[in-house]
Amino acid sequence: VCVCVCVCVSVQSVVLCGPTSRAASLPRVCKSLFLQAVVFVRPSQENIALLCDLLKANAYGEYYFSFSNILKETHLQTLAEADEHQVVRQVQEVYASFLAVDPFLFTLGTSNNHDYLSWKPPSTHSQLNAVDGVVEGLAAFLLSVKRRPVIRHQRSSEISRRVAEDVWRLAYEQESGLFDFRRSDGTLQLLVLDRMDDPVTPLLSQWTYQAMLHELVGIKNNRVNLPDSSPKETHDIVISSSDDGFFKDNMYSNYGDLGINIKKLVDNFQAVSKMNKQIDSIEDMQRFLDSFPGFRQQSGNVSKHVSLMSELSRIIGEASLMTVSQVQQDVACGSDRMYAYNSIMQQLSTNSQAKSSECLKLVLLFALRYEKEGTRQVPLSKHPYGSSEGAEKLATFMKFFQVDEMVAALAHRNVEDAHLTLVKEIVRWAGQERRTGDLFGNHTFFARASKMVGGLKGADNVYTQHQPLLVQTLENLSKGKMKETDYPFVNAAHGPKDAKPQDVLVFVIGGVTYEEARFVAQMNEYGQGFHITLGGTTILNSRSFLQDMIRALC
């Protein structure tokens, strides 16, 4: 009988994370030549060195190496040279350098997401390594689904272009045989986007179940960490659509509908509990025992979702999030600048419950939304300067005056200086001059008219009026209207240029949000002529996005 031991060399570098020092990572093992070692790691330079050290230590009788991505020939040769005792029995590639969150959503789980937000050539060594990590993650995903894509990227983003070109070079030149699957089930189009083309979506509060959990509590690897009854204790809750029917049915439900559905869940459980208490015969006892496993599972599921809902309600009430969120939506989706300014100043000056981070998000949204717009509410004939040039000067003055007033109000609330600097920096890095898409629907007459019609029709929920820019991008792609000047193909002369592909892989460098995942799920359900898979370097909430921007831009 063979006895196997699983060894994870460099725990923090397994599959998704970055490497640590060799001294700290190499496990201390005694010689156990009767044991077999099964190792699963990323094929990084650091991990190869660690494996060589492990081989030279001659700690185990046999080794079985699995790598989460493509193993370079030079690395394979290095391992062969280190295998002095000829104990390596298997070396294989298992393409798993990504985390599948939902059937159509995956993430690379990168810990250095801030490096992508301000990336520009020439870049630092760490930023270049970060790009290589994205290319490796995308390669692993494409190899796992056995597809070689046609690749497009966002024209205005240097890092999108770099990643797209590197993936193309890997799939069509360096490893062309590995990617030659000879499939005939249609074209896969990889679209590489930059998070800073839509910085608004990660800044907004969320009001659907999955997105709310990530925004207010935090979801990591489909697990939520809730405070326990003791203030110093917490407990993990697994939250996954693959094994939780209630969550699968309600992950995109809004806050109001969610409360109603949880009440129904509790009522149904109470009815089952009463029925199980009525044990008057041997048959009743047998029925109870047969149904006990399901009853126990249902009990745990009810307790889980009631606990989550209670925690969400507590946070929302303490931080006055519903009031703040309504202002966020008015700023992001509205067009009345003075109304937005007054609403924000009211929150900054009178809402003592609102957290400083929520107030900062309001000012960032205003700075982005009204970056190029003046005081449209005042007719030209009534401007004191009496000319278009004078009106423009007044509008510019009013714009900077309003933003400065907001920044002063933030400072009065003891917001840190680095956070205040972000108000200016976000416009410099994610302003209209740097973006490709029509983020606020105001670039053309038709976009403004469509937005006005949408506003007149109203929204199902005042807290969910906003639509991510990704929705507009995918709709244009489904109709064959995506401009090649804005989203060019990589090496268009090589292979077909399919304006309306059957499958689309959208990858957002800098992270995706659960709000975008919700819209992608809806588009897949209702049909757009193709199936969409969404991926990103990480899954953002507003807190992590603010932290990344402060580290990258300030």
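Reply: Start with β3 (residues 60-67) and β4 (residues 88-93), which pair in the parallel sense over 5 bridges; two strands count as paired if DSSP finds at least two bridges between them. Within that pairing, S66 has Q92 of β4 as its bridge partner. To get from β3 to β4 the chain goes through helix α3 (residues 73-82), and this β-α-β crossover is right-handed. That label applies if, with the strands pointing away from the viewer, the path from the first strand over the helix to the second runs clockwise. Element names follow DSSP runs numbered from the N terminus, with helices being H or I of at least four residues and strands being E of at least two.

Before going on, a word on the ground rules: this is a predicted model, so local features need pLDDT of at least 70 and side-chain atom pairs count only at pLDDT 80 or more, while totals for chains, interfaces and linings use all residues. Residues are numbered from 1 along each chain as its sequence is written, and side-chain values use heavy atoms, with hydrogens and water left out.

Now over to β7 and β8, which also run parallel, joined by 4 bridges. Here H153 stands opposite V192 in β8. From β7, V150 and R152 point one way and I151 and H153 the other way, yet all are buried (under 20% relative accessible area; exposed is over 50%, partly exposed in between, with a 1.4 Å probe and protein chains only).

β8 (188-194) leads on to the largest cavity: together with α17 (469-478), each supplies at least two residues of the lining. α17 gives the most, with 3 residues. The cavity has a volume of about 120 Å³, and the structure holds 5 cavities of 30 Å³ or more. A cavity here is a set of points on a 1 Å grid over the protein atoms alone where a 1.4 Å probe fits but cannot get out, and lining residues have an atom within 4 Å of a point. Points are joined across faces, edges and corners, and the volume is the space filled by probe spheres set on them. Among the lining residues are Q154, L193, D194, R195, Y487 and E516. The whole lining divides into 5 nonpolar, 2 polar and 5 charged, where Ala, Val, Leu, Ile, Met, Phe, Trp, Tyr, Cys and Pro count as nonpolar, Asp, Glu, Lys and Arg as charged, and the others, Gly among them, as polar.

Charges bring us to the salt bridges, 19 in the whole structure, each a side-chain nitrogen of Lys or Arg within 4 Å of a carboxyl oxygen of Asp or Glu. One joins the side chains of D503 and R147 (3.5 Å, N to O). D503 sits in β12 (residues 503-509) and R147 in the loop between α5 (125-144) and β7 (150-153), so the pair ties together parts 356 residues apart in sequence. Both D503 and R147 are buried.

D166 and R162 meet at 3.1 Å, N to O, and both lie in α6 (residues 158-174), 4 residues apart, about one turn. D166 counts as buried at 14% relative accessibility, whereas R162 is partly exposed at 27%. In α15 (residues 417-430), E425 and R428 are 3 residues apart, with their closest N and O atoms 2.8 Å apart. E425 is buried, at 9%. Finally, salt bridges that share partners join E158, R161 and E165 into one network.

Terms used
1 Å grid on protein atoms, 1.4 Å probe; cavity = no way out; pocket = protein on both sides within 12 Å on 5 of 7 lines; lining within 4 Å.
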